[in-house]
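Here is a friendly set of notes to read alongside the model. Please keep the sequence and the 3D view open as you go through the points.

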Amino acid sequence: MRQPSPAAPLSPSVGRRTVLAAGAGAVAALGASAASAQAATGRPGARPVSLTVTARPGAEAERLRLAQALRGSEFQPTGLYVPPGTPLSLTVRPHHGLLPTLWIGAWDYYGEITEPRAYPLTRGANTVTDPHGGPVYLTLTGHGERADVLVRSGAVPMPVFTLGRTTEAEYRHRLDTLTASPWVELHGPNTIMTLTREGALLYRDEDHGALLRLVETIIDSHARISGLDGSKPVHRRKAGPYHFTEVSKVPTGVGAYATHGYNGFPRAYLDRATTVEGLRTRGWGLYHELGHLHQQMAYKPGGLTEVTVNIYSLAAQRTLGEPSNLLTVDPVTGLTAFQTARAKFGTDGLTYEKSFGAYEKLVPLRQLELAFGDGFWPRLHKLVREENPQSDYTQDAKRYRALATYSSRIAGYDLTDFFVHTWAFPIDATGRAELAALNLPQPPVDPSTLTD
């Protein structure tokens, strides 16, 4: 839920993350065979591993295209692990002039070693020695160009489960035999899940195919509510998968977090992130953290960072057929968030940011869907991507204005009363004038009266 504070740039191509609060399958995805993927290249006499990496748009370019606040992952997993201080020998052959970057390590913002290390590769022979070791990834920034990477020695295979390729028996055998790697990965078309061996063993008997299909369904739900339907190039989904990583620690009171590039989950959350039943029925935290990687900047003032993110969480619940958190009955009041919020309307000193609780703040965003249809948020996301208005973290008033004006434009109605008078959003005089200038009619139904 919480997002760590910003950090300075790192990646050679897109800049270092700024934080806000396989074996066979993975390598085959890069162009190698299943057999070579499981070769233990760190053993004497082991076969080299041949990879082909295909260029994708960089994470920062994708963030800008999607008008989002956070960069997604640009890693392409190899299914390999390199031990600390072990020379990793590679040969690189670019097909179109572009050279890949090698990354070693795991993400862990609050840990002792916080991020993977980047090693730009050169044509021909390369030897990289990383002091900490970790999972091995590649990035190649471009548009479909390719490069071959031959891992000659120094790496060992990780146990990897790949959706559609790995059986449960094969995965368990890998867990039992590929013990040189302290990391394990689960791979789907849009998913990288990086776990410690200890974390993976806790739920080794899960149906990992069902788990990854469920994660993919959740990712799809976020894409649909975001209007990522491919109808125009700007509305393509982001390049590459989403990265979910087990992390060593989180601050007190934080269950999980979102950053540029990945979602971090401590071991205590794995019962919800890596079990089918847990993720389906108690996975709000994962839906929420993944939502942070879809939030658009234009209408996300600081006071809405933990609110608009739950547009995506609710979409996941609906997709999975689970009851809405907005309909959870408070054991003290016996009321839902819709009911407790409505009781506050018109009270003295009402302000959106200070008068309403976390779920109450989400209610008006759901009411816009109830009033104007399931396509409301997809259409709004698409319009924001097409116009891509710019704002920064100091311009909260501008982003509150954008929420009200974009919502009115998508609805086709003047929502001044809804935002300014009923819900007491901090829409300033400029924003009220912008709403009036749209010259829209009043809505036939007051959205604030609607409930699930």
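1. Let us begin with helix 6, which covers residues 208–225 and so has 18 residues. From its first C-alpha to its last it reaches 26 Å, close to the 26 Å expected at 1.5 Å a residue; that expected span is 1.5 Å times one less than the number of residues. Helices here are DSSP runs of H or I with at least four residues, strands are runs of E with at least two, and both are numbered from the N terminus. Buried means under 20% relative accessible area, exposed means over 50%, and partly exposed lies in between (1.4 Å probe, protein chains only).

2. A word on how to read all this: the model is predicted, local features need pLDDT of at least 70, side-chain atom pairs count only at pLDDT 80 or more, and totals for chains, interfaces and linings use all residues. Residues are numbered from 1 along each chain as its sequence is written, and side-chain values use heavy atoms, with hydrogens and water left out.

3. Now look at the two ends of helix 6. At its start, a side-chain oxygen of Asp207 comes to within 3.2 Å of the backbone nitrogen of Gly209. Just after the helix, Gly227 has a positive phi of about 70°.

4. Is Ser226 buried or exposed? With 1% relative accessibility, Ser226 counts as buried. This serine sits in the loop between helix 6 and strand 13 (242–247). A polar atom of the Ser226 side chain lies 2.7 Å from the backbone oxygen of His222. Such a polar contact is a pair of N or O atoms within 3.5 Å; within protein, one must be able to donate a hydrogen and the other to accept it, and residues adjacent in sequence count only if both atoms are side-chain atoms. Not counting residues up to four places away in sequence, Ser226 touches His294, Tyr312, Pro378, His381 and Arg385, where contact means heavy atoms within 4.5 Å.

5. Strand 13 comes next, and six of its six residues are buried. Tyr242, Phe244 and Glu246 cover one side, while His243, Thr245 and Val247 are on the other, and all are buried. Which strands does it pair with? Strand 12 (residues 191–196) pairs with strand 13 in the parallel sense over four bridges, and strand 15 (residues 262–266) is joined to strand 13 by four bridges, also running parallel. Two strands pair if DSSP finds at least two bridges between them. Phe244 is a handy landmark: Met193 stands opposite Phe244, and the bridge partner of Phe244 in strand 15 is Asn263.

6. For a second sheet, find the open one of five strands in the order 5-4-7-2-9, with antiparallel pairing. Strand 5 (117–120) and strand 9 (156–157) stand at its edges, each with a single partner strand, so one side of each has no neighbour in the sheet. Within this sheet, strand 4 (residues 101–104) and strand 7 (residues 134–139) run antiparallel and are joined by four bridges. Thr139 in strand 7 is the bridge partner of Thr101.

7. How do helix 13 (residues 358–372) and helix 14 (residues 376–387) pack, and at what angle? They pack at about 105°, with their axes 8 Å apart. Axes are lines fitted to C-alpha atoms, for helices over the stretch in contact, and angles run from 0 to 180 degrees between N-to-C directions. Helix 13 and helix 14 are therefore roughly perpendicular to each other; angles of 65 to 115 degrees count as roughly perpendicular, under 35 as roughly parallel, over 145 as roughly antiparallel and the rest as oblique. Leu365, Leu368, Glu369 and Phe372 in helix 13 meet Phe376, Trp377 and Arg379 in helix 14.

8. Leu368 also leads us to Ser448: their C-alpha atoms are 8.5 Å apart, although 80 residues separate them along the chain. Ser448 lies in the segment after helix 17 (429–437) and counts as buried at 4% relative accessibility. The side chains of Ser448 and Asp446 are joined by a polar contact of 2.8 Å.9. Ala67 is buried, with a relative accessible area of 8%, whereas Asn439 is exposed, at 69%.
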